[in-house]
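Have the model open beside this text. We will walk through it in short steps.

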Amino acid sequence: ETTPNGGLLTIPSSSKACRDIAGISTREEEYTVSITVVGASGDLAKKKIFPALFALYDEGSLPKHFTIFGYARSKMTDAELRNMVSKTLTCRLDKRENCGEKMDQFLKRCFYHSGQYNSEQNFADLDKKLKEHEGGKLSNRIFYLSIPPNIFIDVVKCASKSASSTNGWTRVIVEKPFGRDYESSAALTRGLKEYLVEDQIFRIDHYLGKELVENLSVLRFSNLVFEPLWSRQYIRNVQLIFSEEFGTEGRGGYFDNYGIIRDVMQNHLLQILALFAMETPASLDAEDIRNEKVKVIRSIKPLQLENVVIGQYKSHKKRGITYPAYTDDRTVPSDSLTPTFAAAALFIDNARWDGVPFLMKAGKALHTRRAEIRVQFRHVPGNLYKRSFGTDLDRATNELVIRVQPDEAIYLRINNKIPGLGMRLDHSDLNLHYAARYPKEIPDAYERLLLDAIEGERRLFIRSDELDSAWELFTPLLKELEEKKVAPELYPYGSRGPVGAHYLAAKYNVRWG
Ligand code: NDP
Ligand code: BG6
């Protein structure tokens, strides 16, 4: 694969080629990895990227020779960057441990270069500095674009001009949002591919880096007891739930242009759905997994407006505190129709899932923070014990819950006899509670994803055809909502969301978990 403009690629960066470079310790002397965080003055860089890089360093997962550069327009010295970064680093591995010395060593390897995003000269100056640090070794480079997407192409273009002299691989990590709809996303992909080949583009969906999302395939494909049940024959419905107990605080300007469907459903929840529902991949190879994800996303029936409910939070007073409405944010127009909540029923048109409702729900300013997959199984045919459950037979069905956050857990609801002489039934949870089973802290999603990008492992990154199929699914719905100016149902801040979501679920005989 080549790019029209020469691009950033110098060595084909298949994951195997990368591991050949990165995996053999005797050759560690020979190569270096430079990571440039573009937009280093921003929120994500401070909150996630630098702390994740430090955590990787702290546990010895970064290559021996590495350099980190922050790049942004803000004027800062190396010392100022280090000071800014140091405030958000934590001793993640063991909070009791004092990792101050490691932090100092790490910070000494962080530098800053101020420049414009569309200046070839500024990027050429950065290149010069990178080369000094690379010291003539085989130089591999990562550019992490932690900036608004409208300047991605400028950066890639400018960086590519000076990159022709590097002798290793170059990879570019891009953050969502990848466009607002099918057309803008395709235009962004086309723009990036003027300078990069697909293998160099690492599109982040940080939900794929979460422990329990990664574990989904392990649960399905390495346990005999689950996969045979994983179909319409035994599963009644699947719920994919994302809820936050805070509003869009501070991000209203961004959010109002996107809304919850683009912000969470089209990416995080759809990715989880794809991993949940895909067929068994031929292998664990990134391409095999991504092929299956694309197939299942393409099999989802077009979304119907009558299967969608949207909401927006309104102000609410509780225990003397007034919680703001979405439109109280000064960066949000007072007549905004942007949904901060959405629920949808999706159907996969294939033999495995025919007729099974996949109910998605995502919302901000709700009563809890959680991300969960809930799988409700069918009733036991001819259940001998049905009288023990009275009229509420639903309570007798098995349910598998995969709690992605907070408090990671997998639990399966089963029916059992209450001990004693009579015959009374109860239901209990077989519970894998991660904090109890694995006291060691779970890595942050960004740690896993950054390490994978360094190692050239693409399994947890979104391929362009996956992105296209996700937008193909949601774009017609988004256009219809916007063209018809559908008004979101208002729900109080801190509540369970609009009642419409309950009616939607009830239409398919589902009760939200
Ligand atoms: P910021 O808005 O903080 O932007 C990052 C940096 O980019 C800023 O410090 C600023 O640096 C520069 N910048 C901001 N706006 C512009 C502009 N209009 N033109 C040129 N440069 C600009 O973003 P975040 O750090 O919050 O996020 C970075 C990326 O990650 C974005 O694409 C965002 O959508 C995405 N993202 C962020 C998440 C988060 O939690 N923050 C979560 C998921 C995705 P300077 O002025 O110094 O050049
Ligand atoms: C981001 C969304 O992608 O994910 C945010 O843009 C949301 O709106 C965030 O708050 C949630 O991520 P996490 O990891 O905190 O659940």
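Start at ligand 1. Its shell has 18 residues, and Gly42, Leu44, Ala72, Arg73 and Ser74 come nearest. A residue is near a molecule if its C-beta atom, placed from the backbone, lies within 6 Å of it. This is a predicted model: local features need pLDDT of at least 70, side-chain atom pairs count only at pLDDT 80 or more, and totals for chains, interfaces and linings use all residues. Residues are numbered from 1 along each chain as its sequence is written, while chains are lettered from A and ligands numbered from 1 in the order in which they are written.

Helix α2 (residues 43–58) gives the most to this shell, with three residues. Helices (H or I, at least four residues) and strands (E, at least two) are DSSP runs, numbered from the N terminus.

Follow α2 to helix α4 (residues 100–107). Their axes come within 10 Å and cross at roughly 115°. Axes are lines fitted to C-alpha atoms, for helices over the stretch in contact, and angles run from 0 to 180 degrees between N-to-C directions. Phe54, Tyr57 and Asp58 of α2 meet Lys102, Met103 and Phe106 of α4. Contact here puts C-beta atoms, placed from the backbone, within 7 Å.

Now find strand β12 (residues 358–363). Why is it largely enclosed by the rest of the structure? Six of its six residues are buried, so the rest of the structure largely encloses it. Buried means that 20 or more other C-beta atoms, placed from the backbone, lie within 10 Å of a residue's own. Phe358, Met360 and Ala362 point one way from β12, and Leu359, Lys361 and Gly363 point the other way. In a regular strand, side chains alternate between the two faces of the sheet.

Key:
Buried ≥ 20, exposed ≤ 12 C-beta atoms within 10 Å, placed from the backbone. Contact = placed C-beta atoms within 7 Å.
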